[in-house]
Amino acid sequence: MDTTGYLQRYSDWDRMNHWALVILFFCTALSGLAMFHPSLFFLATLFGGGPWTRILHPFGGVLVFVSFGGMYLRWARHNTWDADDRAWLDQAGAMLAGRAHQMPPVGRYNAGQKILFWWMTVSLLVLLVTGLLFWRPYFAGYLPIGLVRLATLAHSLTAVALVIGIVVHIYAAIWVKGTTRAMTRGLVSESWAKHHHSRWYAQMTQQKR
(Lines give C-alpha, C1' and ligand atoms only; values in the text may rest on other atoms or scores of the structure.)
Protein backbone atom coordinates (compact mmCIF):
# COMPACT_ATOMS: atom_id res chain seq x y z
CA MET A 1 0.00 0.00 0.00
CA ASP A 2 1.24 3.49 -0.88
CA THR A 3 1.53 5.29 2.46
CA THR A 4 2.04 8.73 0.94
CA GLY A 5 -0.38 11.11 2.62
CA TYR A 6 -0.81 8.83 5.65
CA LEU A 7 0.50 8.90 9.22
CA GLN A 8 1.12 5.88 11.41
CA ARG A 9 -1.19 6.04 14.41
CA TYR A 10 -0.72 2.52 15.79
CA SER A 11 2.07 -0.02 15.52
CA ASP A 12 1.60 -3.69 14.67
CA TRP A 13 1.92 -4.53 18.37
CA ASP A 14 -0.73 -1.95 19.30
CA ARG A 15 -3.18 -3.43 16.84
CA MET A 16 -2.52 -7.04 17.83
CA ASN A 17 -2.95 -6.09 21.48
CA HIS A 18 -6.18 -4.25 20.68
CA TRP A 19 -7.77 -7.09 18.71
CA ALA A 20 -6.70 -9.68 21.27
CA LEU A 21 -8.44 -7.53 23.88
CA VAL A 22 -11.56 -7.29 21.70
CA ILE A 23 -11.81 -11.08 21.38
CA LEU A 24 -11.15 -11.67 25.07
CA PHE A 25 -13.61 -8.97 26.11
CA PHE A 26 -16.48 -10.28 24.01
CA CYS A 27 -15.91 -13.86 25.19
CA THR A 28 -15.82 -12.73 28.81
CA ALA A 29 -18.81 -10.42 28.39
CA LEU A 30 -20.92 -13.14 26.75
CA SER A 31 -20.04 -15.68 29.43
CA GLY A 32 -20.86 -13.09 32.09
CA LEU A 33 -24.23 -12.35 30.50
CA ALA A 34 -25.00 -16.08 30.51
CA MET A 35 -24.75 -15.99 34.31
CA PHE A 36 -26.32 -12.55 34.71
CA HIS A 37 -29.94 -13.56 34.09
CA PRO A 38 -31.76 -16.86 33.33
CA SER A 39 -33.11 -15.44 30.06
CA LEU A 40 -29.52 -15.16 28.81
CA PHE A 41 -28.36 -18.57 29.94
CA PHE A 42 -28.56 -19.87 26.36
CA LEU A 43 -25.25 -18.05 25.78
CA ALA A 44 -23.61 -20.69 27.94
CA THR A 45 -23.81 -23.09 25.00
CA LEU A 46 -21.03 -21.04 23.38
CA PHE A 47 -18.69 -22.16 26.14
CA GLY A 48 -19.72 -25.79 26.57
CA GLY A 49 -22.54 -25.35 29.10
CA GLY A 50 -23.09 -23.82 32.51
CA PRO A 51 -20.19 -25.39 34.46
CA TRP A 52 -17.62 -24.50 31.81
CA THR A 53 -19.02 -20.98 31.53
CA ARG A 54 -18.58 -20.49 35.28
CA ILE A 55 -15.03 -21.88 35.13
CA LEU A 56 -13.86 -19.96 32.06
CA HIS A 57 -15.40 -16.56 32.83
CA PRO A 58 -13.03 -15.49 35.65
CA PHE A 59 -9.94 -16.68 33.77
CA GLY A 60 -11.12 -14.69 30.77
CA GLY A 61 -11.57 -11.67 33.01
CA VAL A 62 -7.99 -11.90 34.24
CA LEU A 63 -6.74 -12.12 30.64
CA VAL A 64 -8.79 -9.04 29.71
CA PHE A 65 -7.17 -7.14 32.56
CA VAL A 66 -3.68 -8.26 31.53
CA SER A 67 -4.29 -7.40 27.87
CA PHE A 68 -5.61 -3.95 28.75
CA GLY A 69 -2.61 -3.53 31.02
CA GLY A 70 -0.39 -3.68 27.93
CA MET A 71 -2.42 -0.88 26.35
CA TYR A 72 -2.37 1.12 29.57
CA LEU A 73 1.41 1.06 29.78
CA ARG A 74 1.73 2.37 26.23
CA TRP A 75 -1.10 4.90 26.15
CA ALA A 76 -1.58 6.27 29.68
CA ARG A 77 0.89 9.10 29.11
CA HIS A 78 -1.11 10.20 26.06
CA ASN A 79 -4.31 10.34 28.13
CA THR A 80 -3.23 12.72 30.87
CA TRP A 81 -5.63 15.62 31.36
CA ASP A 82 -4.64 19.15 30.34
CA ALA A 83 -6.24 22.59 30.04
CA ASP A 84 -7.18 22.05 26.38
CA ASP A 85 -9.40 19.13 27.35
CA ARG A 86 -11.70 21.42 29.34
CA ALA A 87 -12.03 23.66 26.28
CA TRP A 88 -12.86 20.60 24.15
CA LEU A 89 -15.60 19.51 26.56
CA ASP A 90 -17.09 23.00 26.57
CA GLN A 91 -17.49 22.70 22.79
CA ALA A 92 -18.60 19.05 22.72
CA GLY A 93 -22.14 20.08 21.79
CA ALA A 94 -20.86 21.55 18.54
CA MET A 95 -19.24 18.26 17.61
CA LEU A 96 -22.41 16.30 18.34
CA ALA A 97 -24.30 18.78 16.16
CA GLY A 98 -21.95 18.07 13.26
CA ARG A 99 -19.87 21.24 13.58
CA ALA A 100 -16.53 19.53 14.16
CA HIS A 101 -14.70 22.44 12.55
CA GLN A 102 -15.53 24.51 15.64
CA MET A 103 -13.71 22.18 18.00
CA PRO A 104 -10.47 23.43 19.60
CA PRO A 105 -7.21 21.72 18.54
CA VAL A 106 -6.30 18.53 20.39
CA GLY A 107 -3.32 16.20 20.57
CA ARG A 108 -3.25 12.44 20.09
CA TYR A 109 -6.55 11.97 21.97
CA ASN A 110 -9.42 14.32 22.70
CA ALA A 111 -11.15 14.73 26.06
CA GLY A 112 -13.89 12.23 25.20
CA GLN A 113 -11.36 9.56 24.32
CA LYS A 114 -9.42 10.28 27.51
CA ILE A 115 -12.55 9.97 29.64
CA LEU A 116 -13.33 6.63 28.02
CA PHE A 117 -9.76 5.42 28.58
CA TRP A 118 -9.91 6.15 32.31
CA TRP A 119 -13.47 4.83 32.50
CA MET A 120 -12.17 1.52 31.16
CA THR A 121 -9.14 1.59 33.44
CA VAL A 122 -11.18 2.09 36.61
CA SER A 123 -13.92 -0.33 35.52
CA LEU A 124 -11.49 -3.15 34.76
CA LEU A 125 -9.67 -2.61 38.05
CA VAL A 126 -12.96 -2.77 39.98
CA LEU A 127 -14.04 -5.85 38.02
CA LEU A 128 -10.76 -7.59 38.82
CA VAL A 129 -10.90 -6.86 42.55
CA THR A 130 -14.60 -7.67 42.98
CA GLY A 131 -14.32 -10.75 40.78
CA LEU A 132 -11.52 -12.14 42.92
CA LEU A 133 -13.63 -11.65 46.05
CA PHE A 134 -16.37 -14.05 44.88
CA TRP A 135 -14.28 -16.38 42.70
CA ARG A 136 -15.09 -19.92 43.75
CA PRO A 137 -13.46 -22.12 44.83
CA TYR A 138 -10.34 -20.00 45.29
CA PHE A 139 -11.27 -16.97 47.39
CA ALA A 140 -14.99 -16.66 48.16
CA GLY A 141 -15.00 -19.43 50.76
CA TYR A 142 -12.59 -17.50 52.97
CA LEU A 143 -14.59 -14.25 53.04
CA PRO A 144 -17.77 -13.12 54.87
CA ILE A 145 -20.91 -13.80 52.87
CA GLY A 146 -21.94 -10.14 53.13
CA LEU A 147 -18.71 -9.03 51.46
CA VAL A 148 -19.13 -11.65 48.74
CA ARG A 149 -22.66 -10.43 48.00
CA LEU A 150 -21.56 -6.80 47.94
CA ALA A 151 -18.70 -7.68 45.58
CA THR A 152 -21.11 -9.54 43.30
CA LEU A 153 -23.43 -6.52 43.09
CA ALA A 154 -20.55 -4.10 42.47
CA HIS A 155 -19.14 -6.44 39.82
CA SER A 156 -22.45 -6.58 37.95
CA LEU A 157 -23.04 -2.82 38.02
CA THR A 158 -19.48 -2.08 36.92
CA ALA A 159 -19.77 -4.60 34.08
CA VAL A 160 -22.88 -2.78 32.82
CA ALA A 161 -21.01 0.55 32.98
CA LEU A 162 -18.07 -0.92 31.06
CA VAL A 163 -20.30 -2.39 28.35
CA ILE A 164 -21.95 1.02 27.89
CA GLY A 165 -18.50 2.56 27.51
CA ILE A 166 -17.51 -0.04 24.92
CA VAL A 167 -20.72 0.58 22.94
CA VAL A 168 -19.92 4.31 22.89
CA HIS A 169 -16.38 3.50 21.76
CA ILE A 170 -17.57 1.30 18.87
CA TYR A 171 -20.19 3.85 17.79
CA ALA A 172 -17.66 6.70 17.81
CA ALA A 173 -15.14 4.66 15.80
CA ILE A 174 -17.78 3.98 13.12
CA TRP A 175 -19.29 7.47 13.24
CA VAL A 176 -15.99 9.31 12.65
CA LYS A 177 -15.12 8.29 9.09
CA GLY A 178 -11.53 7.10 8.66
CA THR A 179 -11.08 6.06 12.29
CA THR A 180 -11.39 2.30 11.83
CA ARG A 181 -8.43 2.32 9.42
CA ALA A 182 -6.22 3.21 12.40
CA MET A 183 -6.87 -0.17 14.01
CA THR A 184 -7.04 -2.25 10.84
CA ARG A 185 -4.01 -0.85 8.99
CA GLY A 186 -2.38 1.32 11.63
CA LEU A 187 -2.63 4.38 9.39
CA VAL A 188 -4.77 7.49 9.17
CA SER A 189 -4.85 10.02 6.38
CA GLU A 190 -3.10 13.32 6.95
CA SER A 191 -6.37 15.12 6.27
CA TRP A 192 -8.10 13.05 8.98
CA ALA A 193 -5.32 13.79 11.46
CA LYS A 194 -5.32 17.50 10.64
CA HIS A 195 -9.09 17.70 11.00
CA HIS A 196 -9.55 15.68 14.22
CA HIS A 197 -6.18 15.89 16.02
CA SER A 198 -4.42 18.95 14.66
CA ARG A 199 -1.81 19.20 17.42
CA TRP A 200 -0.84 15.56 16.94
CA TYR A 201 -0.80 16.12 13.18
CA ALA A 202 1.61 19.04 13.57
CA GLN A 203 3.86 16.97 15.80
CA MET A 204 3.91 13.98 13.44
CA THR A 205 4.49 16.01 10.27
CA GLN A 206 7.33 17.87 11.95
CA GLN A 207 8.93 14.53 12.82
CA LYS A 208 8.54 13.37 9.21
CA ARG A 209 10.27 16.50 7.97
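A pocket, on a 1 Å grid over the protein atoms alone, is an open set of points where a 1.4 Å probe fits, with protein on both sides within 12 Å along at least five of seven lines; its lining residues have an atom within 4 Å of a point. This is a predicted model, in which local features need pLDDT of at least 70 and side-chain atom pairs count only at pLDDT 80 or more, while totals for chains, interfaces and linings use all residues. Residues are numbered from 1 along each chain as its sequence is written, and side-chain values use heavy atoms, without hydrogens and water.

**The second largest pocket**

Begin by selecting G32, M35, H57, F134 and H155, which are the closest to the centre of the second largest pocket among the 32 residues that line it. The volume of this pocket is about 930 Å³, a volume being the space filled by probe spheres set on grid points joined across faces, edges and corners. Next, colour α1 (12-36), α2, α5 and α6 (145-175), the elements that give two or more residues to the lining. Helices here are DSSP runs (H or I, at least four residues), numbered from the N terminus. The largest share of the lining, nine residues, comes from α1.

**S31**

Remain in helix α1 and select S31. S31 is buried, with a relative accessible area of 3%; buried means under 20%, with a 1.4 Å probe and protein chains only. Beyond its neighbours within four places in sequence, S31 is in contact (heavy atoms within 4.5 Å) with F47, T53 and H57.

Which parts does the pair of F68 and F117 tie together? F68 belongs to helix α2 (residues 50-75) and F117 to helix α5 (residues 111-133), so the pair links parts 49 residues apart in sequence. The ring centres are 5.8 Å apart and the planes stand at 40°, so the pair is tilted. Rings of Phe, Tyr and Trp (its six-membered ring) pair if their centres lie within 6.5 Å; planes under 30 degrees apart are stacked, over 60 edge-to-face, and the rest tilted. F68 is buried at 5% relative accessibility, and F117 is buried at 7%. The whole structure holds 11 aromatic pairs. Select also F59, W135, Y138 and F139, which form one aromatic cluster.

**S123**

Return to helix α5 and select S123, which is buried at 5% relative accessible area. The S123 side chain reaches the backbone oxygen of W119 at 2.8 Å. Not counting residues up to four places away in sequence, S123 touches T158 and L162.

Note on methods:
Buried means under 20% relative accessible area, exposed over 50%, partly exposed in between (1.4 Å probe, protein chains only). A polar contact is a pair of N or O atoms within 3.5 Å; within protein, one must be able to donate a hydrogen and the other to accept it, and residues adjacent in sequence count only if both atoms are side-chain atoms.
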